[in-house]
Amino acid sequence: MQVLKFGGTSVGSVESIKQVIQIIDSHRQNGDHIAVVFSAMGGVTNQLIEIGRMATSGETDYMELVRRIEDRHFNVVKALIPVKEQSKIFANVRGIINELEDLLRGVSLIRELTLRTHDLITSFGERLSTTVITECVKSRGIPAQYCDARQLIKTDAQFGHAEVNYTLTNQLIQDHFAKSSDRSGAPVQMITGFIGSTEKNETTTLGRGGSDYTASIIGAALNAEVIDIWTDVNGMMTADPRKVPNAFNIPTITYAEAMELSHFGAKVIYPPSLQPAFARNIPIRVLNTFNTEHKGTVVSRTADRRQYTITGISSIDDIALVNVQGSGMIGVAGVSAKLFGILAAHKISVILISQASSEHSICFAIDPRGAENVKAVLDAEFAVEIEHGHIDNITIERDLSVIATVGEGMKKSSGIAGKLFSVLGKNGVNVVAVAQGSSEINISVVINKNNLSKALNSLHNIFFQSEARVLNLYLVGTGLIGRTLLKQIFDQSEFLRSEKLLKVCVVGMTNTKKMLLDPQGVSLDDWRERLLTEGVTTSLPAFVERIKDYNLPNSVFIDCTSDKDIVQFYDSLLDANISVVTPNKVANSGPYSEYRRLQRTALNRGVKFLYETNVGAGLPIINTVQGLMTSGDRFLKIEAILSGTLSFIFNTFRPGTSFADVVREAKEKGYTEPDPRDDLSGQDVARKILILAREAGFPLEPEDVTITNLLPQSCLDAPTIPAFFEELERNNEYFENLLRDAEIRGEKLRFVASFENNKATIGLRPVGLDHPFYQLTGADNIVSFTTERYKDRPLVIKGPGAGAEVTASGVFADVVSIGSYLA
Ligand SMILES: NC(=O)C1=CN([C@@H]2O[C@H](COP(=O)(O)OP(=O)(O)OC[C@H]3O[C@@H](n4cnc5c(N)ncnc54)[C@H](O)[C@@H]3O)[C@@H](O)[C@H]2O)C=CC1
Ligand SMILES: N[C@@H](CC=O)C(=O)O
Ligand code: NA
């Protein structure tokens, strides 16, 4: 025997009922022995409750609603049953509706609705749907028989949520089936869900999850091999897909897990109502009426071995936390007993409880709608304790959510809680309270409601490991470095996803004119067009505001501009747990206090501020200095060529050619700063040596760097970039002379930065053949560190120190390292 149950959406429309008939038919074709339980058509139970309320308060237009219910059932008959058979069925439905109308007339006369009458009114939903569907099934030539569950399920008289008398009920069910279906070709029993009756035959209802309960009672009584709960989703999911787009189906789940998940908001089934089936070890399948191919979820005592330690994550979006604390609670055994006694007596349902081991405080989560009432009740009941100061004021915190991570796998593995808190911490989600059930299959955390989506998604991302972890990127500046970076991300995304389990999503980008944001990620093959056509007018404050509003997990802000104003946003971004990656040197080369502040904020927030490309583009210079510093080395001297542009110029320029043209070429090759005056004035190198000295542990200020000027004054004074180039043309002879003088001495010109004895100096220096900087070619940088550990022979790093590809790849590497850190 198999028991099938169809919920409200499955029997909610003509189309869905066709599906239901097909499912029943295919079972018959297979020769399965089945019994089928039905809910009311979707929405009808609520309408009946409303009708009851209207009748009680004397509103006459409840008849309009009754008509609508009748029409819905008539429409099913009209659509699915041949015309000549319809009138008999219409009469049948009309008869049931008449009974309902008579009842409502009575209610509206006496203006009173007892729970008993309420149950009777709501019973009409299942009676109508089951009547109509039975006829539809019969008209397809499938033998079927309407079965009113009130004849089978006997309960006490607690109307609204009656208790089942199992001894009697099981007997009645077994007798009924022995009579009606234990012969071949016997009609399929079509059973009304949700309802039962007392021994005096008064109609009762079975409370929440009612029709599932009916199926479970019947399945248990008949020792069914399986119970299929047909609904409108593909079984249970790892999280609510409306909140976590990456959620996926859970193929098998234990009863205990299903209980925990549904307690915390996963509403696909209501496991307590399946208890009778579980007591007899009957598996439950949750299946999708609208996607019959899908395997759904099997709920049973044991689940299959799983890939993940966690089975699912669910949440209750809105809760309030009640805090009871005070010195008088310590060691006083009775306080919590009294507290929970009071809550039980007032039928206040508690979602979660947490008590610190000091016993000094106890807090519990409740539905926020009842919070004021709970406070009033507790204030009154604990009046004496409060007056004596044994309990402080009872406080309520609102706008909170609770997230439950659930899984039997958690029992046997350590580090789950650590991972959970670390992910939440790295994303700036503050945990207000924690509870772990002693069964160890659930860890629940209370957090601020505005972080719910971020928390759910980051937890889902981390616990369901085979799924790539998502990094959400916001890019400012789509110039040379910005656009090269986008291209590299696009080209590399598949590799990152498969080999590093990292999904890099650019969720926002902006240039000086427009910004484009898409929390699902902007497609990188056509970002240029999309930014142009779909982008909206932008400003830095507006862009930053949007980023904070999105509040996405694992967010990284990438500044690929040389803007001075943008750096004022870094601190607040880091403070909002958003990592910052940048090749822009401005933030790190301003006042030392600002440089420190950013380091501190990042450290305090557990996020990253990375800027490897501030010095030597993609060459691993900053990382090397940081590595030496963390391992306790001490810097004695730094000597370096840190300008790709100047290297290129002095390696390329020949007397008799145009110096300005060589600078233009450097710009075209992507070596120069957006404003090449920054390179030639020595400003860019000054910034870099300052940053290096700071990284090496010396608190230098910008004015501590001495620049020996290379440019004639007129070039320095040029107001615009074109004017600057004109001045360079005019001073060609000056540059030729510089070069010639050096060449005569067999030397080369190098723009050298050095740091020693707390002093940084930079300037043009002719170097001879024996100097290590002599052989430098192209736009290469070289840096030599003399430290306590590298004293006899310095540590040297050398290679291309400017250009789009090498810089973008350095930025990219910083971004990816954040991905690994967050994992
Ligand atoms: N080119 C190179 O080899 C290296 C460059 N860098 C740094 O990379 C950064 C970017 O350089 P490039 O891409 O070469 O310059 P670029 O001039 O090609 O690109 C910068 C872009 O930022 C945009 N921008 C400026 N302010 C903005 C704002 N407030 N909002 C939005 N967009 C804004 C500009 O319109 C421009 O499109 C600079 O800070 C530079 O110092 C660092 C290492 C090497
Ligand atoms: N303009 C810079 C590029 C990197 O910072 C240079 O020429 O080195
Ligand atoms: Na670098």
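1. This is a predicted model. Ligand 2 is surrounded by Ala617, Ser643, Gly644, Thr645, Tyr671, Thr672, Glu673, Asp679, Asp684, Gly801 and Ala802. By class, that shell has three nonpolar, five polar and three charged residues.

2. Ligand 1 has 28 residues around it, and the closest are Gly477, Gly479, Ile481, Ser562 and Pro674. Its shell divides into 11 nonpolar, 14 polar and three charged residues. The element that gives the most to this shell is helix α15 (residues 480–499), with three residues. Domain 3 (469–608) and domain 4 (621–802) each supply at least three residues to the shell around ligand 1.

3. The domain assignment of the protein lists four domains: domain 1 (2–232), domain 2 (312–463), domain 3 (469–608) and domain 4 (621–802). Taken over C-alpha atoms, the centres of domain 1 and domain 2 are 40 Å apart.

4. Two residues of the shell around ligand 2, Gly644 and Thr645, are also among the buried residues of helix α21. Seven of the nine residues of this helix (residues 644–652) are buried, so α21 is largely enclosed by the rest of the structure. The buried residues are Gly644, Thr645, Leu646, Ser647, Phe648, Ile649 and Phe650. What do the buried residues of α21 pack against? Their partners are the helices α22 (659–668) and α23 (677–680), together with the strands β24 (635–641), β26 (748–756), β28 (780–787) and β29 (795–800).

5. Strand β16 (residues 442–448) has six of its seven residues buried, so it too is largely enclosed by the rest of the structure. Strand β14 (residues 395–406) runs antiparallel to β16 and is joined to it by seven bridges. Within this pairing, threonine 405 has isoleucine 443 of β16 as its bridge partner. Strand β15 (residues 431–436) is also antiparallel to β16, with five bridges between them. Here alanine 433 is the bridge partner of valine 446 in β16.

6. The largest nonpolar core has 133 residues, and the members that touch the most others are Ile218 and Val402. Helix α5 (residues 115–139) gives the most to this core, with eight residues. In general terms, nonpolar side chains tend to be buried together in soluble globular proteins.

7. Leaving aside neighbours within four places in sequence, valine 402 is in contact with Phe264, Ser315, Ile316, Ile319, Ile351, Leu352, Ala365, Ser444 and Val446. Another core, of 108 residues, lies apart from the largest one, and Tyr611, Val685, Ile691 and Leu822 are among its members. Val446, one of the contacts of valine 402, is the β16 residue bridged to alanine 433.

8. Lysine 449 sits in the loop between β16 and α14 (452–463). With 16 other C-beta atoms within 10 Å, lysine 449 is partly exposed. Beyond neighbours within four places in sequence, lysine 449 is in contact with Asp317, Asp318, Asp399, Leu400 and Ser401.

9. One of those contacts, aspartate 399, has a phi near 55°, a positive value in a residue other than glycine. Most residues other than glycine have a negative phi. Aspartate 399 is found in strand β14. Is aspartate 399 buried or exposed? It is exposed, with 11 other C-beta atoms within 10 Å.

10. Asparagine 577 also has a positive phi, of about 65°, although it is not a glycine. It lies in the loop between α18 (570–575) and β22 (579–581). Asparagine 577 counts as buried, with 21 C-beta neighbours inside 10 Å.

11. Tyrosine 270 is placed in the loop between α8 (255–263) and α9 (275–279). It is partly exposed, with 19 other C-beta atoms within 10 Å; a residue counts as buried at 20 or more. Apart from neighbours within four places in sequence, tyrosine 270 is in contact with Arg208, Gly209, Asp212 and Ser262. The C-alpha atoms of tyrosine 270 and alanine 344 are separated by 22 Å, and the two residues are 74 residues apart along the chain.

Key: Residues numbered from 1 in each chain as written. Chains lettered and ligands numbered in written order. Predicted model: local features only at pLDDT ≥ 70, side-chain atom pairs only at ≥ 80, totals over all residues. Near = placed C-beta within 6 Å. Helix = DSSP H or I, 4+ residues; strand = E, 2+ residues; numbered from the N terminus. Nonpolar A, V, L, I, M, F, W, Y, C, P; charged D, E, K, R; others polar. Domains from an automatic or database assignment. Buried ≥ 20, exposed ≤ 12 C-beta atoms within 10 Å, placed from the backbone. Contact = placed C-beta atoms within 7 Å. Pairing = 2+ DSSP bridges. Core = buried A, V, L, I, M, F, W, Y, C linked by C-beta atoms within 7 Å.
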